[in-house]
Amino acid sequence: MSDTSDEVAHANRSGASRIGGAWTWLRQYRATWLPHDVVAGITLAAYAIPVSLAYAALAGLPPQVGVYGYLLGGIGYALLGSSRQLAVGPTSAISLMIAASVGAMADGDMQRYAQIASLAAFTVAVLAFLSWLLRLSVIALLISDSILVGFKLGAGLTIAMTQLPGLFGVAGGGHNFLERLMVLAGQLGQAQLIVMAIGVTAFVLLLLGEKWLSGRPVALAVVALAIASATLLGLPSMGVPVTGEIPAGLPGLAWPELRLRDVEGIVPLAAGCLLLAYVEGVSAGRTFAARHGYQLDMRQEFLGIGAANFAAALGQGYPVAGGLSQSAVNDKAGAKTPLALVFASVTLALCLLFLTELLENLPKAVLSAVVLTAIMGLFDFRALAYMWRVSRLDFYAATIALVSVLLLGILNGILLAAFACIALLLMRVSRPHVAFLGRIPGTQIYSDLERHPDNEPSKSTIVVRPEGSLIYVNAAAVLDAIRTRLDSHRMSSIRLLICDLSASPFIDLAGSHMVHELHAELAARGIALRIVGARSYVRDFLRADGVGEKVGGIDRAMTVHDLIGEAEHESVAKGE
């Protein structure tokens with residue numbers, strides 16, 4: 001998390017007034033990289049064809065729309081993105097988010113459905129550009145890794161439940177995971193054996209290909225085999241659902257026909273898509289940047305995502321994002337720069353111009369198998385088990401995200417997951433550990449008595465160290481902990497309370513007012529308050545708020561041992 005925080009700060013400091021992207025990597029381009037980018041682009045296109053067809057079907061859109069997303073989104077990202085290996089196109093989670101949200105907005109009108117999906121991409125572009133202007137790279141920290149594990153697992157299960165009916169040749173139905181599960185269970189008796197045989201065979205072949213031929217265009221080979229088999233055996237005439245006619249030609253470029261005011265709820269949908277696209281894209285981009293020794297510009301990624309979605313919207317596509325699976329294909333194929341995305345787009349354009357007729361007899365069960373294989377990486381049960389062993393709080397956070405997606409859907413699930421992240425952060429910050437210190441025997445060093453019971457506590461002094469910033473959400477909790485400690489001591493023996501602020505990098509007015517209140521309560525009991533270890537910002541803040549005068553000054557050189565020595569010397573001088 002600290003690495004990500006540093007990158008956010010770097011992104012907001014550097015590149016504040018420049019627009020990088022292609023202007024950066026083209027200046028550094030080497031001729032020796034060209035063959036690698038060409039091969040990577042063709043390989044990525046081979047991967048993208050079956051996946052984009054499948055994701056478009058998942059989104060409830062014509063199959064060619066998915067190809068448009070890869071074709072145009074890749075060019076847009078290549079112009080303004082900062083990752084050299086990130087591949088941009090439709091993703092499973094965003095496709096399902098579109099399917100779950102746009103249907104109600106379109107009210108059964110398929111033309112309006114496509115227009116709203118395109119408007120969503122345009123709105124994502126607008127929000128991404130605004131986020132770049134406002135330097136909102138911090139939203140990469142909004143969803144923790146633990147929340148993301150639960151979200152991906154819930155999204156994977158939800159997507160799987162939308163694809164299993166197609167694999168079995170039944171209608172399916174339902175609005176959330178549990179409803180879909182019950183509907184599917186009730187329809188299993190109506191499964192078409194021939195459709196199920198095609199789907200299961202394709203699924204097994206894809207799994208075997210992923211294991212034994214990793215990095216090769218296995219999905220494209222399975223799709224080609226399925227098309228050939230369907231054509232030779234006449235499967236469409238046997239009632240096997242196929243993709244049907246796919247319009248040849250490149251997408252026409254035009255502004256979205258609808259405006260933001262025309263569609264209620266389009267902004268929350270686009271915000272959810274942007275949040276998911278940014279978090280997932282930055283996560284994947286950072287992985288490849290670390291692997292290849294360069295730094296991802298997290299602020300620049302807003303422009304990359306915005307340009308990709310703007311281009312997709314102009315071509316009547318729906319929101320796109322960078323994903324780990326397609327980026328892994330791009331990286332394994334040898335991509336050196338985003339020029340690989342341009343070559344992938346050129347390859348896809350040629351396919352749209354000359355090869356669409358070959359896809360007409362592709363069984364839809366094979367597309368379901370492609371989606372099911374593509375989402376296997378979302379099921380990270382090992383990470384969930386690790387959280388259970390190491391951090392139950394993170395496990396519970398992941399579980400919240402998982403259940404939210406399963407019950408509320410992708411869009412509401414990601415928004416609730418973001419809220420859960422904030423709530424989790426506030427929960428942690430609101431209850432900081434308040435350590436009471438004792439001297440390590442034989443030294444002048446003081447540490448936590450609770451962790452080290454053999455430490456030596458002072459008889460007349462309480463030493464307290466709040467381990468966290470003193471701010472409005474935790475000031476009361478820190479004060480309550482100190483009160484409880486005071487009440488547990490014999491009051492006649494305590495003459496001094498030392499507050500060690502070395503573990504408190506920040507303080508606000510609520511924290512400073514808490515120190516004022518503590519001083520007043522201690523003074524009423526005849527106990528002095530001193531402060532040590534405060535950092536420069538905290539010292540300046542407390543002095544400005546008048547705390548320094550009340551506690552005898554705040555000296556950066558004073559230590560706990562010095563103050564206890566002074567207190568003991570005064571006690572001896574008074575004959576106590």
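The structure holds twelve aromatic pairs, where rings of Phe, Tyr and Trp (its six-membered ring) pair if their centres lie within 6.5 Å, and planes under 30 degrees apart count as stacked, over 60 as edge-to-face and the rest as tilted. This is a predicted model, in which local features need pLDDT of at least 70 and side-chain atom pairs count only at pLDDT 80 or more, while totals for chains, interfaces and linings use all residues. Residues are numbered from 1 along each chain as its sequence is written, and side-chain values use heavy atoms, with hydrogens and water left out.

## Aromatic pairs

A pair of aromatic rings is described by the distance of the centres and the angle of the planes. Two of the pairs are set out below.

| Pair | Centre to centre | Angle between planes | Class |
|---|---|---|---|
| Phe-122 and Trp-255 | 6.0 Å | 80° | edge-to-face |
| Tyr-278 and Phe-302 | 4.1 Å | 0° | stacked |

Helices (H or I, at least four residues) and strands (E, at least two) are DSSP runs, numbered from the N terminus. Phe-122 lies in helix H6 (residues 110-133) and Trp-255 in the loop between helix H10 (218-233) and H11, so this pair ties together parts that are 133 residues apart in sequence. Trp-255 counts as exposed because its relative accessibility is 57%; the cut-offs are under 20% relative accessible area for buried and over 50% for exposed, with partly exposed in between (1.4 Å probe, protein chains only).

Tyr-278 belongs to helix H11 and Phe-302 to helix H12 (residues 300-314), so their pair joins parts 24 residues apart in sequence. Tyr-278 and Phe-302 are both buried. Elsewhere, Trp-25, Tyr-29 and Trp-33 are linked into a cluster by ring pairs.

## The chain as a whole

The protein chain has 23 helices and seven strands. Its C-alpha trace spans about 105 × 60 × 50 Å along the principal axes. Of its 576 residues, 53% count as buried. The accessible surface of the chain, from the Shrake-Rupley method with a 1.4 Å probe, comes to about 26,000 Å², and 62% of that belongs to carbon and sulfur atoms.

Contact means heavy atoms within 4.5 Å. Among contacts in the chain with a separation of 6 or more, 81% are between residues 24 or more positions apart.

## Nonpolar cores

A nonpolar core is a set of buried Ala, Val, Leu, Ile, Met, Phe, Trp, Tyr and Cys residues joined through side-chain atoms within 4.5 Å. The largest one has 121 residues, of which Ile-98, Ile-143, Leu-269 and Val-366 touch the most other members. Helix H11 (residues 266-292) supplies the largest share of this core, 13 residues. A second, separate core has 29 residues, including Ile-462, Leu-470, Ile-494 and Leu-522.

What does Ile-98 touch, not counting residues up to four places away in sequence? Its partners are Ala-59, Gly-103, Tyr-113, Ala-117, Ala-120, Leu-269, Cys-273, Tyr-318 and Pro-319.

## Helix H13

In helix H13 (residues 324-332), the residues Gln-326, Ser-327, Val-329, Asn-330 and Asp-331 are buried. Their cover includes helix H3 (34-59), helix H4 (63-80), strand S1 (88-89), H11, strand S2 (321-322) and helix H14 (339-354).

Val-149 lies in helix H7 (residues 145-168) and counts as buried, at 16% relative accessibility. Beyond its neighbours within four places in sequence, Val-149 is in contact with Asp-380, Ala-383, Leu-384 and Met-387. From Val-149 to Gly-546 there are 397 residues in sequence and 47 Å in space, C-alpha to C-alpha.

Thr-461 is placed in strand S5 (residues 461-467). With a relative accessibility of 6%, Thr-461 is buried. Leaving aside its neighbours within four places in sequence, the contacts of Thr-461 are Ile-494, Leu-496, Ile-498, Ile-564 and Ala-567.

## Positive phi outside glycine

Asp-107 is not a glycine, yet has a positive phi of about 55°. Asp-107 sits in the loop between helix H5 (92-106) and H6. Is Asp-107 buried or exposed? Asp-107 is exposed, with a relative accessible area of 71%.

Arg-135, also not a glycine, has a positive phi of about 55°. The loop between H6 and H7 holds Arg-135, which is partly exposed at a relative accessible area of 39%.
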